[in-house]
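Biologist: I'd like a close look at just one part of this model, please. Could you pick a spot and walk me through it at the residue level?

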Amino acid sequence: MAEVKVHGIFAGPFNKRVELALKLKGVEYEYIEEDRSNKSAELVKYNPIYKQVPVLVHNGKPICESLIILEYIDETWESAAPLLPNDPYQRSIARFCANLIDDKLMGAMYKVCYGKGEEKEKGLDEVSEVLKYLDNELQDKKFFGGDNIGFLDIVASYIALWFGAIQEAIGMELLTKQKFTKLSKWIDEFLCCGIVMEHLPTRESLVPLYIAQFEAAKASS
Ligand SMILES: N[C@@H](CCC(=O)N[C@@H](CS)C(=O)NCC(=O)O)C(=O)O
């Protein structure tokens, strides 16, 4: 039987993507918890450039970077729960939106959380711009993937959960039902799915972690 291992950290948004994809595909795996301040020799060996989680190890071969891992999982266990759309154009849109979340939205949230004055304002505008784009992208679909959770839903789990916890920790409401109706509805649908509820951490467990992180950053600045 194939040996599948995932190196991750508790409540890490990137490794949770990988775990969610494996769960959806029904692939059994061993989870290895890493300590960010004392990374295992295996993690450093498997991901020598970034030394980050997640790393998926499949029969001894490491794959790094969550978006690449998701595609690998989809291609390797192709018969169960397809993640990326079949249509090449839709596939390109899903990949574009995934990059938008990882590059633009996360970068903008960093400016909102740690920036001041003009930089923070710029971050707020960028957050709105990306959320508007994704809201529009949902059209009348239940999930980004259509009737079922797909690649982009998994990537956007960051918005459904971690983004909300960060908002709560900084005391700002950026993603409102009034402004982003479809995205808000999607979040409710997504977080109610059994597999999501079982395998993602709760918002309550994340908020204190972010509060502590922001307080530590303030104290050292
Ligand atoms: N682009 C990467 C980001 C991974 C990432 O940022 N991982 C964080 C945990 S959430 C990490 O390992 N941080 C430890 C460090 O950078 O030292 C991906 O998509 O996998």
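Modeller: The centres of domain 1 and domain 2, taken over C-alpha atoms, are 21 Å apart. Domain 1 covers residues 4-76 and domain 2 covers 88-220, with bounds from an automatic or database domain assignment. This is a predicted model, so local features need pLDDT of at least 70 and side-chain atom pairs count only at pLDDT 80 or more, while totals for chains, interfaces and linings use all residues. Residues are numbered from 1 along each chain as its sequence is written, and side-chain values use heavy atoms, leaving out hydrogens and water.

Domain 1 brings 15 residues to it and domain 2 brings 22, where contact means heavy atoms within 4.5 Å. About 1,600 Å² is buried between domain 1 and domain 2, and carbon and sulfur atoms give 75% of that area. Buried area here is the accessible area (1.4 Å probe) that two parts lose on being put together, summed over both. On the domain 1 side, Arg17, Leu20 and Leu67 supply 35% of the area buried against domain 2, more than any other three residues.

Two salt bridges are counted between domain 1 and domain 2; each needs a side-chain nitrogen of Lys or Arg within 4 Å of a carboxyl oxygen of Asp or Glu. The side chains of Arg95 and Glu71 form a salt bridge, at 2.7 Å from N to O. Four residue pairs, both partners at pLDDT 80 or more, are in polar contact across the interface of domain 1 and domain 2. Such a contact is a pair of N or O atoms within 3.5 Å, one able to donate a hydrogen and the other to accept it, and residues adjacent in sequence count only if both atoms are side-chain atoms.

Which helices of domain 1 touch domain 2? Helices α1 (13-25) and α3 (66-76) each supply at least two residues to that side, and α1 gives the largest share, eight residues. Helices are DSSP runs (H or I, at least four residues), numbered from the N terminus.

A side-chain pair joins these two helices. Lys25 lies in α1 and Asp74 in α3, and their side chains make a polar contact at 2.7 Å. Lys25 is buried, with 8% relative accessibility, and Asp74 is buried too, at 10%; buried means under 20% relative accessible area, exposed over 50% and partly exposed in between (1.4 Å probe, protein chains only). Leaving aside neighbours within four places in sequence, the contacts of Lys25 include Ile73, Trp77, Glu78 and Ala80, while those of Asp74 include Leu84. Ala81, Pro82 and Leu83 are on the contact lists of Lys25 and of Asp74.

Finally, a look inside domain 2. Ring pairs link Tyr110, Tyr114, Tyr210 and Phe214 into a cluster, and the structure holds seven aromatic pairs. Tyr114 and Phe214 have ring centres 5.6 Å apart and planes at 65 degrees, so this pair is edge-to-face. It links distant parts of the chain, Tyr114 in α4 (88-114) and Phe214 in α10, 100 residues apart. The rule pairs rings of Phe, Tyr and Trp (its six-membered ring) with centres within 6.5 Å; planes under 30 degrees apart are stacked, over 60 edge-to-face and the rest tilted. Phe214 is buried at 12% relative accessibility, whereas Tyr114 is partly exposed at 29%.
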